[in-house]
Amino acid sequence: MERCEEEERLIEGKKLSDHDFEGYIRLLDASLEESRRVRGVRNLKPQKDLNRRVERLLAKYNFELLSGAEVIANQLREEGIRRLTSSFGPEPDDSEICEVILPVDDFPNLETDVLGFPITAESECSASPLKEHTERWLFAIRDTNDVSEKEYLQKVADAMSRKTDSTNSIVKDLGRTFPNCRGFHSYSDTYHSLHRLLAAVANEVSFGYCQGMNFIAGILLLVTNSEVHSFRLMCHMITSNQYNGGYYDENMTNCVVDQMVLTELVVEHASETYSRLEEAGINLADVTIRWLLCLFIDVVPTDSLLSIWDVYFEQGICFLHKLAIHIFRSLRLPVGVDFSHALDIINRSMKNVTLSDVMAANAIMFDANQLQSMREKAKKKRDKETKGDKGSKYGFLSPKNLMKW
């Protein structure tokens with residue numbers, strides 16, 4: 001195989017030798033041979049085996065040197081795909097890949113954005129360049145400690161060298177992160193960036209990894225296009241009480257309490273909607289837990305999501321409460337609406353959230369000090385009710401039940 005210029009460049013004073021490369025290829029051949037023996041037919045599974053083998057090899061060879069590791073990985077994949085092609089025929093074209101990886105019905109007929117939401121004339125006009133969003137978010141956390149690329153690479157190396165409870169959970173959730181987005185398929189660079197980022201974050205914070213963090217990390221990577229920026233932003237988001245601190249630790253303290261706070265706010269600001277949801281048998285937390293835990297990811301159009309995050313980074317988690325109030329206040333639920341119809345109305349309204357909704361929510365008078373005051377009252381109320389009455393309407397708001405979601 002011809003050597004490319006990238007392969008010849010020094011990697012932190014080291015070169016990939018012919019001996020090393022051929023050793024890797026021999027291991028790849030062993031993996032491909034197993035695929036031939038077990039399956040014996042042409043499909044995409046052998047390529048997944050190949051990618052897993054490449055990841056395993058790089059974990060033992062300068063995996064912390066991201067640029068060098070990606071160069072080596074690309075070379076190994078090219079050679080592996082060449083050998084796969086000779087055994088199983090040519091690689092499928094894009095339409096075949098869609099049929100195999102995702103059902104065709106999962107793709108909307110309209111032109112869609114990166115996460116699968118239809119692109120409208122309004123979204124095209126209101127979407128800001130990703131660089132502007134990155135600059136706003138980094139400015140919002142400007143007082144936090146900066147992280148250099150060298151420091152980040154060391155954190156990745158430390159995280160990858162350890163086997164913890166988070167390790168398997170992260171690997172399982174990689175494939176569940178934005179399955180409609182090609183950027184996160186297992187053969188993509190973003191997929192491997194997500195793996196490194198989640199491992200480093202889980203190793204950095206005291207509570208490790210929690211489901212839902214993969215979606216936050218994915219959005220950060222797509223917008224900032226930087227693992228280092230994403231690492232710094234995410235660590236602050238999931239540890240600071242101004243943002244989502246207390247949402248992902250073992251007790252999920254603020255996550256549980258904020259559902260109680262939001263329920264009180266909806267009762268106050270959208271009492272009619274709350275009453276009809278209750279009549280339909282819908283617990284408000286069943287709807288809103290995903291909104292706050294995943295910061296409205298995958299429930300609103302992507303351009304609206306980025307506008308939401310712009311204000312979120314400026315004001316903190318209290319803005320997500322304001323947005324939820326606005327959404328419920330804007331709902332038009334008919335009298336006697338049933339469970340499924342009510343959920344359908346909510347889901348359709350979420351898909352139509354626009355910049356004007358973000359601006360309307362921002363006008364609601366509710367700030368971080370009011371949130372903190374309501375949190376303290378809610379904690380006392382929850383402690384009293386969970387001890388005295390197991391049938392309390394807040395009884396389902398336990399970490400165990402929330403994790404079932």
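A residue is called buried when its relative accessible area is under 20%, exposed when that area is over 50%, and partly exposed in between (1.4 Å probe, protein chains only). What you're looking at is a predicted model, where local features need pLDDT of at least 70, side-chain atom pairs count only at pLDDT 80 or more, and totals for chains, interfaces and linings use all residues. Residues are numbered from 1 along each chain as its sequence is written, and side-chain values use heavy atoms, with hydrogens and water left out.

| Residue | Relative accessibility |
|---|---|
| C210 | 6% |
| C235 | 12% |
| S304 | 3% |

Let's stay with the cysteines. With a disulfide taken as a pair of cysteine sulfur atoms within 2.5 Å, the count here is zero. Take C210: the nearest cysteine sulfur belongs to C255 and sits 8.2 Å away, so C210 is in no disulfide.

Now for S304, which lies in helix 16 (residues 302-315). Helices are DSSP runs of H or I with at least four residues, strands are E runs of at least two, and both are numbered from the N terminus. The side chain of S304 reaches the backbone oxygen of V353 at 2.6 Å. Beyond its neighbours within four places in sequence, S304 is in contact (heavy atoms within 4.5 Å) with V353, T354, L355 and V358.

Finally, helix 9 (residues 165-174) has S166, T167, I170, D173 and L174 as its buried residues. They share one side of helix 9, because they cover an arc of only 145 degrees around the axis (the arc is that of the directions from the helix axis to the C-beta atoms). Over on the other side, D165, N168 and K172 are exposed. Helix 10 (189-204) and helix 11 (213-224) are among what covers the buried residues of helix 9.

Conventions:
A polar contact is a pair of N or O atoms within 3.5 Å; within protein, one must be able to donate a hydrogen and the other to accept it, and residues adjacent in sequence count only if both atoms are side-chain atoms.
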